[in-house]
Amino acid sequence: IVIFFVFFSSSLRKGNEIKTKNNYIKTICLIFVLFSGLRNLGVGEDTYAYYIGYENTKSISWKQLVGMLTNFYNTVDRKDIGYTVFEKITQIFTNNFQIYLFLVAIIFYISFYNFLKNNTNKITEAFLAIIIFYVLFFYVFSITSIRQSLALAATFYCYELIKKRKLLLFLCVLLLTSLIHKSVLIFIPFYFLCNIKNTKWIFPTTLLIFPLIMVFKNQLTFFLLGFGGYEEYKEFDGSGTVNFTIIFFLVCGFTF
């Protein structure tokens, strides 16, 4: 917030808001990269597990990896083989897990930077977007998860492909990234939703459907987990809390 006011006052003095906005986003993303890349193995629920997986990948030969990739669809105990391939490729350049964390953070925040740069016109819009991301998603995508971060980075890139109407490349990127995390496939319908000309009905329809989704959220969640092959994931304690849901719904209603 302090950094925002520094850049905002600069844009008022110099008048070049677009350039100042992009420099503001770049600065914040650099700070986020440092937060994510410098974290200790004990920071974040999954960081140490990712470290163990990273070390195990070192003992897998390229021949074994090609065999795993070939038999991917016939193997029940090896999900998301693309992530292991990604790890192995990075290990050509470095075997240091801390550097690997930096690499993942750089990939994610370059994608995040380009997404904000291309979809905001004012520094205040960028500020609001960053605040929303930081409050709701920063911990998950910067401190805990790696596979999900790579998947989200792909969807940021794919949103630009939607705007450019490049369906084939859009599908290729998502299908390739689905080898890292299958959740990206849920983004495919948005290619068509984002190209609907008459959008007036989308927001009110979403508001009307929202309570229904909350009632059947457990059934919907476990259906999606089963479809993606992530049955071992349990519902998080406290997910969908009443206070948060009511506040979120009120903000959406006020916006409408």
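Me: In this model, is the crossing of H2 and H6 left-handed or right-handed?

Reply: The model is a predicted one, and in it the crossing of H2 and H6 is right-handed. The contact draws on Lys21, Asn22, Ile25, Lys26, Cys29, Phe32, Val33, Leu34, Ser36 and Gly37 from H2, and on Gln98, Leu101, Phe102, Ala105, Ile106, Tyr109, Phe112, Tyr113, Leu116 and Lys117 from H6. By residue class, this contact of H2 with H6 comprises 13 nonpolar, four polar and three charged residues.

Me: At what angle do helix H2 and helix H6 pack, and how far apart are their axes?

Reply: In general, a pair of packed helices is described by two quantities, the angle between the axes and the distance between them. Here helix H2, spanning residues 17–37, packs against helix H6, spanning residues 97–119, at an angle of about 155 degrees, and their axes lie 9 Å apart. Angles over 145 degrees count as roughly antiparallel, and H2 and H6 are therefore roughly antiparallel to each other.

Me: How should I read the packing of H1 with H2, and which residues of the two helices meet?

Reply: The axes of helix H1 (residues 2–14) and H2 cross at roughly 165 degrees and come within 9 Å, which makes H1 roughly antiparallel to H2. The crossing of H1 and H2 is right-handed. On the H1 side, Ile3, Phe4, Phe7, Ser10 and Ser11 take part, meeting Glu17, Thr20, Asn23, Tyr24, Thr27, Ile28 and Ile31 of H2. The contact of H1 with H2 divides into six nonpolar residues, five polar and one charged.

Me: Turning to charged side chains, how many salt bridges does a search of the whole structure find?

Reply: To count as a salt bridge, a side-chain nitrogen of Lys or Arg must lie within 4 Å of a carboxyl oxygen of Asp or Glu, and a search of the whole structure finds two. In one of them the side chains of Lys58 and Glu55 meet, with an N to O distance of 3.0 Å; Lys58 and Glu55 are three residues apart in helix H3 (residues 47–58), so about one helical turn separates them. Lys163 forms a salt bridge with Glu160, with the closest N and O atoms 3.2 Å apart, and these two residues, three apart in helix H9 (residues 147–163), are likewise separated by about one helical turn.

Terms used
Residues are numbered from 1 along each chain as its sequence is written. This is a predicted model: local features need pLDDT of at least 70, side-chain atom pairs count only at pLDDT 80 or more; totals for chains, interfaces and linings use all residues. Side-chain values use heavy atoms; hydrogens and water are left out. Axes are lines fitted to C-alpha atoms, for helices over the stretch in contact, and angles run from 0 to 180 degrees between N-to-C directions. Helices (H or I, at least four residues) and strands (E, at least two) are DSSP runs, numbered from the N terminus. Angles under 35 degrees count as roughly parallel, over 145 as roughly antiparallel, 65 to 115 as roughly perpendicular and the rest as oblique. A crossing is left-handed if the near helix is turned anticlockwise from the far one by less than a right angle, and right-handed if clockwise. Contact means heavy atoms within 4.5 Å. Ala, Val, Leu, Ile, Met, Phe, Trp, Tyr, Cys and Pro count as nonpolar, Asp, Glu, Lys and Arg as charged, and the others, Gly among them, as polar.
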